[in-house]
Amino acid sequence: PAGLPQVASAQIHASVVPEIAASVAGFAQSARRENGLYALVDVGATTLDLSTFNLHPDREGDDHLSVLLADVQRFGIEPYRACAADPRWDQPFRRQAGITIRHVIWETRLRRDPNSGRWGEGNVLPVFVTGGGAGSDLHGAVFGSLDAWLRQHSAKRGGVELRPLDAIEGLDIDHRACDLGRLIVASGLSLPAEEVPAVTLPGAISDADLPALRDNEDAFVGKEQV
C-alpha cells in the first residue's frame with residue numbers, strides 16, 4: 001500500500017532431510033567417525049525404527065549415507081508396556097521384537113553387504129541405539145543379546161558393539177534433562193544442508209555380489225532360526 005515502507009523480499013530455501021541423516025550428522029563430524037557399515041535402532045513411543053547403512057565419502061568428498069535396509073514396526077515402548085501387563089502377550093512380544101532386530105542385521109549380512117569388513121574375524125558391527133524407550137528392560141535385553149547371537153551364527157567371526165549417537169560438536173548436553181535422541185536429530189537439522197550427509201535409499205541400491213568364501217553350512221541361519 002502507498003505510504004508504507006518497502007521491505008526487500010528474501011528468498012527462503014527449504015529442503016527435506018531424512019531423519020537418519022540428521023541423526024548421524026553429529027557422528028559423521030566427530031573424532032570417532034570412520035567409513036563403513038553401521039546399524040541404527042531407534043526405540044520410540046510406538047515404533048521401533050531399524051536401518052543399516054554405509055557411511056562413505058561421495059565423489060566430492062562429502063559424507064554420504066547409503067541405506068541398505070530399513071524397517072519400522074510397532075515394537076516401541078508403549079506397545080511393550082501394554083503387552084507386558086498381560087502374561088499371554090509378554091513373551092510373544094519379546095520374541096518378535098528380537099526377531100525383527102536380528103532379521104535386519106542378518107539380511108544385511110546375507111545379501112545387502114556380505115563383503116563388509118565388519119563381518120570379519122575380530123571386527124564388530126557398530127549399532128547406534130537411540131530413542132526414549134531404548135532403556136526399557138525388554139529393549140535393553142534384546143540389544144545386549146545381539147553380540148552373542150551374531151557370533152554364534154557367523155562361526156564366531158564378528159560381533160556387535162552398541163554405541164550411543166554423537167551430538168554435533170560444541171553442544172553442551174545434560175543427559176538427565178533432555179530427550180537425547182530428539183535433541184541429536186534437532187541438532188543435526190540445525191546444520192547447513194551441505195554439512196548433513198546425503199542419503200541414497202534402499203530401493204536405489206542393488207544387492208551385493210556374494211562373497212567369495214561362504215560360511216560353513218552349520219553356521220547358516222535361516223529365517224526360521226532368527
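**Entry 1. Cavity**

I began with the lining of the largest cavity, which by class has seven nonpolar, two polar and no charged residues. I counted Ala, Val, Leu, Ile, Met, Phe, Trp, Tyr, Cys and Pro as nonpolar, Asp, Glu, Lys and Arg as charged, and the others, Gly among them, as polar. The model is predicted: local features need pLDDT of at least 70, side-chain atom pairs count only at pLDDT 80 or more, and totals for chains, interfaces and linings use all residues. I number residues from 1 along each chain as its sequence is written, and side-chain values use heavy atoms, with hydrogens and water left out.

I found one cavity of 30 Å³ or more in the structure. A cavity here is a set of points, on a 1 Å grid over the protein atoms alone, where a 1.4 Å probe fits but cannot get out; lining residues have an atom within 4 Å of a point. The largest cavity holds about 40 Å³ of space, the volume being that filled by probe spheres set on the points, which are joined across faces, edges and corners. I list its lining as Ala 39, Leu 40, Val 41, Leu 50, Ser 51, Thr 52, Ile 101, Val 104 and Ile 105. Strand E1 (36-43), strand E2 (48-57) and helix H3 (87-112) are the elements that give two or more residues to this lining. Helices (H or I, at least four residues) and strands (E, at least two) are DSSP runs, numbered from the N terminus.

**Entry 2. Aromatic rings**

Rings of Phe, Tyr and Trp (its six-membered ring) pair if their centres lie within 6.5 Å; planes under 30 degrees apart count as stacked, over 60 as edge-to-face and the rest as tilted. Tyr 38 and Phe 53 are stacked, at 5.7 Å centre to centre with 20° between the planes. Tyr 38 lies in strand E1 and Phe 53 in strand E2, so this pair ties together parts that are 15 residues apart in sequence.

Tyr 38 is buried, with a relative accessible area of 0%, and for Phe 53, also buried, I noted 0%. Buried means under 20% relative accessible area, exposed over 50%, partly exposed in between (1.4 Å probe, protein chains only).

Tyr 38 also stacks with Phe 128, at 5.4 Å centre to centre and 15° between the planes. Phe 128 belongs to strand E4 (residues 123-130) and Tyr 38 to strand E1, so the pair ties together parts that are 90 residues apart in sequence. I recorded both Tyr 38 and Phe 128 as buried. Ring pairs link Phe 27, Tyr 38, Phe 53 and Phe 128 into a cluster.

I then looked for a charge over the ring (NZ of Lys or CZ of Arg within 6 Å of the ring centre and within 35 degrees of the ring normal). Arg 118 lies over the face of Tyr 38, at 4.8 Å from the ring centre.

**Entry 3. Helix H2**

In helix H2 (residues 77-84) I found Ile 77, Pro 79, Tyr 80 and Cys 83 buried. They cover an arc of only 160° around the axis, which puts them on the same side of H2; the arc is that of the directions from the helix axis to the C-beta atoms. Arg 81 and Ala 82 are exposed on the other side of H2.

**Entry 4. Gly 131**

I located Gly 131 in the loop between E4 and helix H4 (137-152). Gly 131 is partly exposed, at 22% relative accessible area.

Definitions and conventions: On a 1 Å grid over the protein atoms alone, a cavity is a set of points where a 1.4 Å probe fits but cannot get out, and a pocket is an open set with protein on both sides within 12 Å along at least five of seven lines; lining residues have an atom within 4 Å of a point.
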